[in-house]
Each structure stands twice: as structure tokens, then as C-alpha cells.
Amino acid sequence: MDWLARCIPDLENFLRHQWRQGPALLRPADPPVELLTPADLEALLDSGTLRTPYAGLFTVGGNVAEERYCTPRTVAGLPVYGYPDPVKVRGLIREESATLQLRYLNHWHPGVRSLTEDLGEQLGRLSEAFLFHSQPGRRGPVHRDDGDILVLQLSGAKHWEVYPGPTDASWQPVREEQPGAPLFEGVVRTGEVLYVPNGYAHRAWATEDGPSLHLTVVLREAGAGHLRAQLKSRLAEGLTLPARPLDDADLTKAAAELLDHLRDRLDELTPAELVSAARRNAHSSRPTA
């Protein structure tokens, strides 16, 4: 299935006129809203298979402590922790307007994995997915993410504000206290897709119409650290040296072989290949909101 075409209706126009140029609201003819419905989410919660850190809750005060919504289980006589209790989760959603976040669905949800693999392959990026079930009224903080994002509104509606991108190459994916004037402000409704370029500050909140369910697909962008890691990995490929050379001559010979190998690998490697490898491995340890 061509998942990309179901999210971006005119890819050529998107890449030429919208990619990295500013936020854009897209209206695909056949958006993949069937990937996860509110009923599917309820069934997942009741199934007992969700586990932290793949599932988590947060409120205006920050992340909800695991012990507030998880109940220990006994398996083969041993206590097992980290499984969300559906009753406690629904209570926090109802009483504290907590947002339920399912992280890295590309690891464990077959449909979302297929979606992210297709988008990642066609756009040349590592692709990850996060699901958000939000209640009306709760406004998230303005923040930046380390990647381009495609927000697929699966159910309900959400109000979004998108602000300009960073002006300093040392920016971090954290809260932004002074984002400036918004470039985009509007409601994203069921079946619509919002594109937010890499690093552009943004925030969102569910409209008063009811709960919102949306999938955020993050197309990770590489940084200097990813380039260094891939360079180190590429330079080491095919290199075999004795672990403990026996004497000075052997040690010097090993050093010469190492330098020759590095020169050969550097001559073979192009900047484009290094960037491509870094983008395919641009993992982030920071959950995306």
C-alpha cells in the first residue's frame, strides 16, 4: 500500500513548495484514519498488553507517575510492573484531563509499522510514530521537535499553532518561551494532515467538541552526532587487526594498516552517503509531544 499517497495528496508539489518551507494543512482524499479508531484504543487499553514506556500519561503538571495508573501483576509467583490499569487510566483522563500517549507504535503496531516504513523509505528518513488521546481544553507548551512531523487527525479535532523555525544551529528540542508570531493557526479535523517542518515551534489542544485522537509521524533529521556515529561505524567496516601486537614492529605495522584502511574508506565515502546513513539511524531518546 502507498501510505505516503494517503497522507500527502500531491507529493511532487509538497516536496517542491512546502517541504521545509513552512507549515501546511493537507487534505488527502483517502486518509488512513482506519489505522487506529477510538474503539481500537479502548480495546488496546482493555487488552492488558500495553506497557510502559510504550504507554504513558501526562497532564499540565507534566508526566503522571507510573504508580498512579499501573497496578502490579503476579506472574509465575513474581511481581511484574509497568502495565497500565484501564480503570485508573480512565479515571485520570476523566478527573484530571490527562492525555494518553502511546509511544513508538512503529515498534509494535503492524499497521503503523507499515505506514512508517513506507514513509521512511520514500522520504529517506527514520520514521517513528506517537499516538495522542487528548481531552478538550488542555493546552500543551510551545516546543520544538527534532524532525519533520506529519500529524494525522484520526478522530475529533485539534487546534494548532505553528511558529517559525530555529535561527541557531545549536537549537534543542525543548520548550520555546518566545516563539514569535504564529505562521499557522487553525483547527485540524478528522482526516486532515498537518505538516510541521523540522524544528518549527508548535503547540496544540483539543477543541471543545470532544476528545481528540491523532497520530504524529516524526521523520527524524540527522545532527552532527549522528554524522560522527555513522562515520565511526563506516570507517571500522572490514577492519581486522591483531588485538595485542607482539612487539614494536607489529604495533607499527598495525598502525600503518589502520591508517591505510581509514584513507581507503574516506576516499570511498561521499558526503551524500554519510548524510543518508545518518538520517536512516537518527534515533531520538526524547518522546515527542
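Modeller: Here it is; please note that this is a predicted model.

Biologist: Which residues is leucine 215 in contact with, leaving aside its neighbours within four places in sequence?

Modeller: Leucine 215 is in contact with Leu35, Leu105, Val112, Leu115, Ala129, Phe130, Leu131, Leu150, Val151, Leu152 and Leu154.

Biologist: Which residues lie on each side of β7?

Modeller: On one side are Ser127, Ala129, Leu131 and His133, and on the other are Glu128, Phe130, Phe132 and Ser134.

Biologist: How many bridges join β7 to strand β13?

Modeller: Eight bridges join them, and the two strands run antiparallel. Strand β13 spans residues 212-220. Phenylalanine 132 has histidine 214 as its bridge partner in β13.

Biologist: And in which sense does β7 pair with strand β6?

Modeller: The pairing with β6, residues 99-102, is antiparallel and extends over three bridges. There, phenylalanine 132 of β7 stands opposite glutamine 101.

Biologist: Now to the surface. Which residues form a nonpolar patch there?

Modeller: Leu239, Leu241 and Leu258 form one, with about 190 Å² of accessible area together. Leucine 258 is located in helix α8, residues 248-268.

Biologist: What is the relative accessible area of leucine 258?

Modeller: The value is 31%, so leucine 258 is partly exposed. That class lies between the limits of 20% for buried and 50% for exposed.

Biologist: Finally, the whole chain. How many helices and strands does the chain have?

Modeller: The chain has nine helices and 13 strands. Its C-alpha atoms fill a box of roughly 75 × 60 × 40 Å along the principal axes. Of its 289 residues, 46% count as buried.

Biologist: What share of the accessible surface belongs to carbon and sulfur atoms?

Modeller: The share is 52% of about 14,900 Å² for the chain. As for contacts between residues at least 6 apart in sequence, 82% join residues at least 24 apart.

Definitions and conventions
Residues are numbered from 1 along each chain as its sequence is written. This is a predicted model: local features need pLDDT of at least 70, side-chain atom pairs count only at pLDDT 80 or more; totals for chains, interfaces and linings use all residues. Side-chain values use heavy atoms; hydrogens and water are left out. Buried means under 20% relative accessible area, exposed over 50%, partly exposed in between (1.4 Å probe, protein chains only). Helices (H or I, at least four residues) and strands (E, at least two) are DSSP runs, numbered from the N terminus. Two strands pair if DSSP finds at least two bridges between them. Patches are made of residues with over 30% relative accessible area and no salt bridge: like charges are joined within 9 Å, nonpolar side chains (Val, Leu, Ile, Met, Phe, Trp, Tyr) within 5 Å. Accessible areas come from the Shrake-Rupley method with a 1.4 Å probe; for residues, only the protein chains shown count as cover. A salt bridge is a side-chain nitrogen of Lys or Arg within 4 Å of a carboxyl oxygen of Asp or Glu. Contact means heavy atoms within 4.5 Å.
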